[in-house]
Amino acid sequence: MRSTSSTHRTRTSMRAAAALAAGALALSLSACGGDDNDGGGSGGSTKGTESGGALALPKLDGTTLEVAAVWTGDEQKNFKQVLAEFSKRTGAKITFVPAQDPIINFLGSKVAGGQPPDVAMLPQPGAIKQAVDKGWAKPLNSDVQSELAKNYSQGWQDIGKVNGKQYGAYYKAANKSLIWYNAKVFENAGASEPKTWKDLLNTAQTVYDSGVTPFSVAGADGWPLTDWFENVYLSQAGPEKYDQLAKHQIKWTDPSVKDALTTLAQIWGKKDWVAGGSKGALQTSFTDSVEQTFTGGDQPKSAMVYEGDFAQVNIQQTKAKVGTDAKVFPFPAVGDTAPVVTGGDAAVILKDSKGAQALVKWLASPEAATIQAKLGGYLSPNKNVPNDAYPNAVQQKIAKALIDSGDDFRFDMSDQAPQSFGGTPGKGEWKDLQDFLKNPTDVAGAQRKLEADAAAAYGS
């Protein structure tokens, strides 16, 4: 079950990323192929024909559908363009229903009142499982599953499943495995984008030698520290261990955790490499960590800051221009493979019908995702969305890293944990990693604290 506070910061991140919409762009849908299959679900087949595009959709004149999501601002506006194209092709009338966080509670009130939306956009696997466990979610029919199989890696299909049945079609993703850097500082230092953790340490030393502190670390909020750990752990320990630790099937005293914390200490433990040292980092919010990297001309407080694609919004609060003054590289590989930690939103049917199944099929298509990709502030896990659909080089790079990860991506670990461990300020993992940032030499002590808090939260 995802924690309220973790949900809030993940959703806030998603909404922030949406604010990056690149403005009005001409919508040119690419003709994306795909043979249609007979649907076998209770909602009936979505087989049919439509004008425009190659995706087979049924005629739905007279059909009304409601879609609920927590999205606001440009994110909602752009998504409505995707829905409008579906209406144009099928004749269905669609109403967007603004939801509140946590959306599961919002949907509960709608279900209790006998008026659930036809489709809801749910964040992360835990929310889908809750909807299934409560008896709200309806399985996707074979026609929709065929569309998913054509356009998504097996991993993205699997996270939409509960008990082996496909309930969710992931429409939106966030890439949380990025390091942003001040391009002028790198240029002055003669530094290059690193590919491995060793390269990152060398780059940091090069930047430091040029007279600029290498890193901003957002220690005040706590949650960015969990994201640092997750990226190191996923790359170093691998996806299988990551899944086990996320479920507390292995303990935080496991040697793999020791390795990850020891690796983190190579940066966190060098006070001259962290803006303000550990004391200063513990007083630095996420917003400040980003902004201080891109203010101060060629002598900012730091050269690099870790966080996801949503950091672009904070960069734009400065005078820095994303793609010119502010550039990005994927989180370097600590082990054999560079990590990709994600968040995401899946379309889930709450009222089964021919129209609802057709709508989810549409959202699972590259044609739908390409519309929103062109508008900016959006990442799709759909591997058949053309990379050049994204409006600038930075977003193209972020999207490519997400798709290139194949099935090796993983969802944010702390967002999968009980709230008391993974999502409460001043407690659990957040507090334990803040204590570790304060004293990165005490790896064993950090492991003991993490395990004690995890055991209490998971009841094991």
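1. In this predicted model, one aromatic cluster is formed by W197, F215, W228, W268, Y306, F331 and F436. Several of these residues return in the points below.

2. Two cluster members, Y306 and F331, can be looked at as a pair. Their ring centres are 5.7 Å apart and their planes stand at 90°, so the pair is edge-to-face; the cut-off for that class is over 60 degrees. Y306 belongs to strand β9 (residues 304-306), while F331 sits in the loop between β10 (326-330) and β11 (341-349), so the pair ties together parts 25 residues apart in sequence. Y306 and F331 are both buried.

3. Across the structure there are 25 aromatic pairs. Another of them joins Y171 and Y378: the ring centres lie 5.2 Å apart with the planes at 45°, so this pair is tilted. Y171 is in strand β6 (residues 168-175) and Y378 is in the loop between α16 (366-375) and α17 (393-404), so the pair ties together parts that are 207 residues apart in sequence. Y171 and Y378 are both buried.

4. Next comes the packing of two helices. Helix α11 (residues 255-268) and helix α20 (residues 428-438) have axes that come within 10 Å and cross at roughly 50°. That angle makes α11 oblique to α20. The crossing of the two helices, α11 and α20, is right-handed.

5. Which residues of α11 and α20 meet? From α11 the residues are L261, L264, A265 and W268, and from α20 they are L433, F436 and L437.

6. Is E230 buried or exposed? E230 has 0% relative accessibility and therefore counts as buried, the cut-off for buried being under 20%. E230 is placed in helix α9 (residues 223-237). With neighbours within four places in sequence left aside, the residues in contact with E230 are Y242, V341, D412, M413 and S414.

7. One further point concerns a lysine and a tryptophan. K270 lies over the face of W273, and the distance to the ring centre is 4.1 Å.

Technical notes: Residues are numbered from 1 along each chain as its sequence is written. This is a predicted model: local features need pLDDT of at least 70, side-chain atom pairs count only at pLDDT 80 or more; totals for chains, interfaces and linings use all residues. Side-chain values use heavy atoms; hydrogens and water are left out. Helices (H or I, at least four residues) and strands (E, at least two) are DSSP runs, numbered from the N terminus. Buried means under 20% relative accessible area, exposed over 50%, partly exposed in between (1.4 Å probe, protein chains only). Contact means heavy atoms within 4.5 Å. Rings of Phe, Tyr and Trp (its six-membered ring) pair if their centres lie within 6.5 Å; planes under 30 degrees apart count as stacked, over 60 as edge-to-face and the rest as tilted. A charge sits over a ring if NZ of Lys or CZ of Arg is within 6 Å of the ring centre and within 35 degrees of the ring normal. Axes are lines fitted to C-alpha atoms, for helices over the stretch in contact, and angles run from 0 to 180 degrees between N-to-C directions. Angles under 35 degrees count as roughly parallel, over 145 as roughly antiparallel, 65 to 115 as roughly perpendicular and the rest as oblique. A crossing is left-handed if the near helix is turned anticlockwise from the far one by less than a right angle, and right-handed if clockwise.
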